[in-house]
Structure formats: C-alpha cells, structure tokens
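Hello,

Here is the structure I promised to pass on. Have a look at it first, and then read my notes below.

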Amino acid sequence: GVVKLLEFLRLGELYRKFTDGWPLVSWLLIGILSVSLLLNVFRTSQNVYLMSYEKEDLPQYQFAEYINEVEDATLLNYGFLDGGFYYAADVLPTCRFFCYLNIPLPEIWWEQNTLIQAGEVDFIVTRHYALSQYGVDSSRYTLLATADMPFEGYDFTYYLYGKTER
C-alpha cells in the first residue's frame, strides 16, 4: 500500500533508496525527528511541571477521598473553571452551572449561591478564596481540607467544604 502510494506520488525511487540501501539511515532520521519533536513539546509546554507530581499529591485526588466516602455524592466547583475535581471523584455535575465559566453571566452566581444557601450539594470546592470570602451564606458547610498547588505559574490554595448535615 505505502509503496504504491509513494510510486503514485513519484516518490517510489526515494522510498526504495531508504528501504533497500539505507534502512539504518532512514530509521536514524525518523528517530532523530521523533526525539526532537518530543523535546520541543517538553520545552514549550507550560504544564510539564505537573509530570513531577504523583496523583496522591494533587488536590483533586486528595479531595476525592473525602467525596467518595459519601454515596452518590454531589459536588459544586465554585468560583473557578472546572479543575478536574468531578473527574477525580468520579462525580457527575448535578446543575447546569457546575463551575464558574469565563463568561460574565449573573445567573451563574445566582444558581450556585442558591444551591449553597439551600444546602443542595454535598461538597463544594473553591480555589484561592475561602467560601466565606465570596459573600454567600455558607453556614450549612464546614471546611474539611485544604491543599496548595501551583497551577500555570500561580500558587493556589484549594478548599473543600462538606455539608454539615446529610
């Protein structure tokens, strides 16, 4: 298949040179190209530092241990974009605004604040700010854990709150 395609593209002679006479050279070139592409990815990616962490070191998995203690737990990612907490805890969102989106819709805050004030979710995760700093009535929730983690050049503290009464 590949030989016929290359012959069709008039590259058959070049292909035969690499496969008949220079297999070692062709594989060496492919290897060098692959390594240089990988090195470029590592050099330019802003999240390579995350590879040095174990799962257990990440706030998402630390908090998942608490969340998974409650059967059919519900979770709200409050005040920031989804940070992977739903995924780590294997929890599906229960409301349409399951995290704060980067669009300024007042109904996001209204719906999330209503859920919190009514105690509708079992757990809440915030980043950088404690729940009380948002000005929402959080009396139904207790701080269970905090975790510090750098993310994209910033040092954040993550907070996990659990519903006081279940």
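A word on terms first: a residue is buried under 20% relative accessible area, exposed over 50%, and partly exposed in between (1.4 Å probe, protein chains only). This is a predicted model, in which local features need pLDDT of at least 70 and side-chain atom pairs count only at pLDDT 80 or more, while totals for chains, interfaces and linings use all residues. Residues are numbered from 1 along each chain as its sequence is written, and side-chain values use heavy atoms, with hydrogens and water left out.

Let's begin with two backbone angles. Most residues other than glycine have a negative phi. His128, however, has a positive phi near 80 degrees. His128 lies in the loop between β2 and β3 (strands are DSSP runs of E, at least two residues, and helices are runs of H or I, at least four, numbered from the N terminus), and is partly exposed at 39% relative accessible area. Asp90 also has a positive phi, near 55 degrees. Asp90 sits in the loop between α5 and α6 and is exposed, at 72% relative accessibility.

Finally, Leu115 belongs to helix α6 and is buried, with a relative accessible area of 17%. Its C-alpha atom is 9.0 Å from that of Cys95, 20 residues apart along the chain.

Best wishes
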